[in-house]
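This report describes selected features of the structure shown below.

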Amino acid sequence: MLFNSYVFLLAFLPLVLIVYFLLGRLPERLPLNKAFLVLASFVFYGYNNPSYVPIIAGSILVNYALSQLMLGSERKAVRLPLMLLGLFANLGVLFYFKYHDFFFENMNSAFGLSLALNRVALPLGISFFTFQQLSYVIDSYRKTVPRYNMLDYALFVTFFPQLIAGPIVLHSEIVPQFAAPKNRRLNFDNFAPGLYAFALGLFKKVVVADTFAGAVDAGFAAAQTLNTAEAWFVAVGYTFQLYFDFSGYCDMATGVGLMFNIKLPINFNSPYKSMNIREFWQRWHVTLSRFLTTYIYFPLGGSRKGMARTCVNLMIVFLVSGLWHGAGWLFLLWGLMHGAMSVLYRLTRKRYDALHPALQWMITFGFVVVAWVFFRAASMADALAIVKSMFMMNFGALREGITSAFALPGGFHPGYNALYMLVWYALSLFACLGMRNTYEKAMDFKPTLLNACSTVLLILYCTLSLSNVSVFLYFNF
């Protein structure tokens, strides 16, 4: 189920909120509100494809059982094989659904084999809930987590606002909040900023990101024939599309969480304000960076074993990040590019930090824009063609397929579409660099008449604009 759909906005969310808080009025010894929320989360997850439900349900049962066995043993010799079994089970399921065909296709191509491909659909959010449960399994081996009951663990994994595209939460961030008695009742101090954050996120997705999507799709479809101006507008357009799409999802997830009195960790913190690539990854997909740092970078030695080892560790982490985002060589190349940029920054940090802040920002943002081309392109040939066009100084007119995405409703003044497009790009850049992000606004939200009216108007406008329901880009990862 999508946040930006009629069924979610007009039926699912209102019904779940009402029933959840009504059940929350029952005695605490009857956690029917939690049970209902787990059931509702399964409905949310399996709405478009019920076959996904047994996958996540089985994953929850296996991981919970392994964790309980590890937490019940004081002997590392017992816990270690259980932890390894958990790693193998989780990564094995992830490999089967996400990487099997990619691996077998390359084996067939390289060695002339005829290995059979699965051709199975990728279950939504499998990368997210797998990493989330891996963190709990590993911490259970370390015995740094409490022994939750099955209901609390299932709610930790399935809580629907963060289930499909994050954030990747830790048990300590979610379970205690659901256990707090005050959070069982509707709290206007949380509900109002939550609804406000949801409205802003919905606007980012439905109005801003989906508008850029039209130009981006047209541009990448004609990757081999773009001139320099078109190539830059398409590349920067995707940079904005992905920003507002993922930012919009994070805002909506945060907003819905607050409506249930649950504060999810920040996952998107104005990344295009970054002055260097390290800062970018401290701001973009914050919880994924946290997971990779905690469970891969630190166990590899982090930065404690010399510069050479640090650089190798960084490359490994970013290659894993690229592979996590998708089974394809372009995703691996994108991860390699960010790893190489991170290593370069680590080696030249003193000289780089001495540069003028404007130059630092231009270098970082320019690199991110170019790297996103490889992330989005359908093939290496298309990616290289766009990047080549960006620097060939072959300027020309913008084709209608790109500018028409920014046309005014009703087809008014189509001759000014290019001008409208420039306005969209300028306003989007200003929003990325000159405005506070939604998380910051929600934290000091004041229930004023202006905020109330703007929230209602945004939701109404976006609801009326849902002619074409589009999935969030991170649903594909």
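## Residue E279

Apart from neighbours within four places in sequence, E279 is in contact with K273 and S274. The model is a predicted one. In it, E279 belongs to helix α10, which spans residues 277–283.

The relative accessible area of E279 is 18%. Since the limit for a buried residue is under 20%, E279 counts as buried because its value of 18% falls under that limit.

## Nonpolar core

A total of 136 residues make up the largest nonpolar core. The residues with the most contacts inside this core are F8, F160, F260, W284 and W372. Helix α9 (residues 228–259) supplies the largest share of the core, with 17 residues. In soluble globular proteins, nonpolar side chains tend to be buried together.

For F8, residues up to four places away in sequence are set aside; F8 then touches M1, L2, F3, L13, P14, F44, F160, F198 and V256. F160, one of these partners of F8, is also listed among the core residues with the most contacts.

## Cavities

Three cavities of 30 Å³ or more are found in a search of the whole structure. The largest cavity has a volume of about 70 Å³, and its lining consists of A197, C250, D251, T254, I266, N267, F268, T438 and Y439. Helices α9 and α19 (438–443) are the elements that give two or more residues to this lining. The largest share, three residues, comes from α9.

By class, the lining of the largest cavity comprises five nonpolar, three polar and one charged residues.

Key: Residues are numbered from 1 along each chain as its sequence is written. This is a predicted model: local features need pLDDT of at least 70, side-chain atom pairs count only at pLDDT 80 or more; totals for chains, interfaces and linings use all residues. Side-chain values use heavy atoms; hydrogens and water are left out. A nonpolar core is a set of buried Ala, Val, Leu, Ile, Met, Phe, Trp, Tyr and Cys residues joined through side-chain atoms within 4.5 Å. Buried means under 20% relative accessible area, exposed over 50%, partly exposed in between (1.4 Å probe, protein chains only). Helices (H or I, at least four residues) and strands (E, at least two) are DSSP runs, numbered from the N terminus. Contact means heavy atoms within 4.5 Å. On a 1 Å grid over the protein atoms alone, a cavity is a set of points where a 1.4 Å probe fits but cannot get out, and a pocket is an open set with protein on both sides within 12 Å along at least five of seven lines; lining residues have an atom within 4 Å of a point. Grid points are joined across faces, edges and corners, and a volume is the space filled by probe spheres set on the points. Ala, Val, Leu, Ile, Met, Phe, Trp, Tyr, Cys and Pro count as nonpolar, Asp, Glu, Lys and Arg as charged, and the others, Gly among them, as polar.
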